[in-house]
Amino acid sequence: MPRHFGPYGGAFVPETLVPALQELDGAWRAARKDPAFRAELRRLSRTLGGRPTPLYFAARLTRRAGGAEIWLKREDLVHGGAHKFNNALGQGLLTRRMGKHRLIAETGAGQHGVATAMIGAALGLRTEVYMGEVDMERQRPNVDRMRLLGATVHPVTTGRRTLKDAINAALRDWIANVRTTHYLLGSAVGPHPYPSLVADFQSVIGKEIRRQSTAAFGRLPDLVVACVGGGSNAIGTFHPLRRTRVELLGVEAGGVGGRGPGAASLTRGRPGILHGSFSYVLQDHDGQVAETESISAGLDYPGVGPEHAWLRDTGRARYVAVRDRDALRAFHWLAEDEGILPALEPSHALFAAVHEARRRPRRERIVVTLSGRGDKDLAVVTRAAR
Ligand SMILES: *Cc1c(COP(=O)(O)O)cnc(C)c1O
């Protein structure tokens, strides 16, 4: 498993964390080759997670677009309502295998914290989640969910009291407790081996797309589309298809549009180091990490996984930014055409997919990864003017 993707990736961390990252790398390599580990991962993915998720033909959305067929990979049906389960389960099983009994995580919107708390409960691992005080106020229901699932939520009161500060707090905890504790990182970001490891656990998405599209329409799709926050659902979609002719399109959060940065690291950032990894980062003129803004909390991150940086530079994948208001339009299209309330994150991908479908012939097939369901976003959507 690569440590670098072209010039990107690596592990820029304090020395105290190097042994823990090596241990994780070793445990994961051994686990991948261990039939018992793979069987357990597969069993719990099915019986706890609800996998495989269906590939759904969105007939009415296709008609609205008036071009290529649009199919949805239904990660919104995974336990917990998003793809984050796939990664949390994999890392939870690795934690047990390393003989550790405590999980820590950071969370911004709370979705990854909830996924971690779910897995911590199911596997009997003590779970503590760091969350900025500001985010705790904004995402009250997810704080309640984590607590009901038995996790301890630590309010972070330093800095701007949001995700970046929560990551720093989690890292401090890990440095102090590295022998008993696994840091369950929530996206395909951070130092090696996390980007490769998270891509591995999320690749179940792309593998199922490969199998299901062949069964449904006799071949691979022409294009796959996925939203990009840190990039885990997108890399899970792209990875198993990267050596085929399938076009790969990643969709970032464009925010309100105009000159604002949104949270579009690949389309508006430049290379730099953030959270232990060299990749694209949204920065101001002085190289300070920029403040991001997006209607979807899950995409609101100034960095992106290093493999996406390399897919972008080599041209193997394309990346575009979609504005808040267009994501909202796509949210309503899916609700009214298909009876599905999507999360606002994949609503960005849906908008881009409809745009692509319009310009393509009817014989082409587009698969969009619907990374999560929209229940968590109802307050935001109903508040926004249509
Ligand atoms: C967290 C989240 C994302 C963004 O994370 P990635 O690592 O980029 O996949 C996207 N969609 C949903 C539903 C999420 O909860």
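How many nonpolar, polar and charged residues does the shell around the ligand have?

1. The shell holds 3 nonpolar, 10 polar and 2 charged residues. Here Ala, Val, Leu, Ile, Met, Phe, Trp, Tyr, Cys and Pro count as nonpolar, Asp, Glu, Lys and Arg as charged, and the others, including Gly, as polar.

2. The model is predicted: local features need pLDDT of at least 70 and side-chain atom pairs pLDDT 80 or more, while totals for chains, interfaces and linings use all residues. Residues are numbered from 1 along each chain as its sequence is written, and side-chain values use heavy atoms, with hydrogens and water left out.

3. The ligand is surrounded by 15 residues, the closest being K84, S187, G229, S232 and S371 (a residue counts if one of its heavy atoms lies within 4 Å).

4. The side chain of S187 has an N or O atom 2.6 Å from a ligand oxygen. A polar backbone atom of N233 is 2.8 Å from an oxygen atom of the ligand. At S371, a polar side-chain atom lies 2.7 Å from a ligand nitrogen. Of the 380 Å² of accessible area that the ligand has on its own, the protein covers 96% (Shrake-Rupley method, 1.4 Å probe).

5. There are 2 cavities of 30 Å³ or more. A cavity is a set of points, on a 1 Å grid over the protein atoms alone, where a 1.4 Å probe fits but cannot get out; lining residues have an atom within 4 Å of a point. Points are joined across faces, edges and corners, and a volume is the space filled by probe spheres set on them.

6. The largest cavity has about 50 Å³ of space. Strand β12 (residues 277–281) gives the most to its lining, with 4 residues (strands are DSSP E runs of at least two residues, helices H or I runs of at least four, numbered from the N terminus). The lining of the largest cavity has 6 nonpolar, 4 polar and no charged residues.

7. The second largest cavity holds about 30 Å³. Its lining includes A188, P195 and H308, and helix α13 (residues 306–314) supplies the largest share, 3 residues.

8. The second largest pocket has about 610 Å³ of space. It is lined by 21 residues, with R38, L41, R42, V204 and K207 the closest to its centre. A pocket is an open set with protein on both sides within 12 Å along at least five of seven lines. Helix α2 gives the most to this lining, with 6 residues. By class, the lining of the second largest pocket has 9 nonpolar, 3 polar and 9 charged residues.

Terms used: A polar contact is a pair of N or O atoms within 3.5 Å; within protein, one must be able to donate a hydrogen and the other to accept it, and residues adjacent in sequence count only if both atoms are side-chain atoms.
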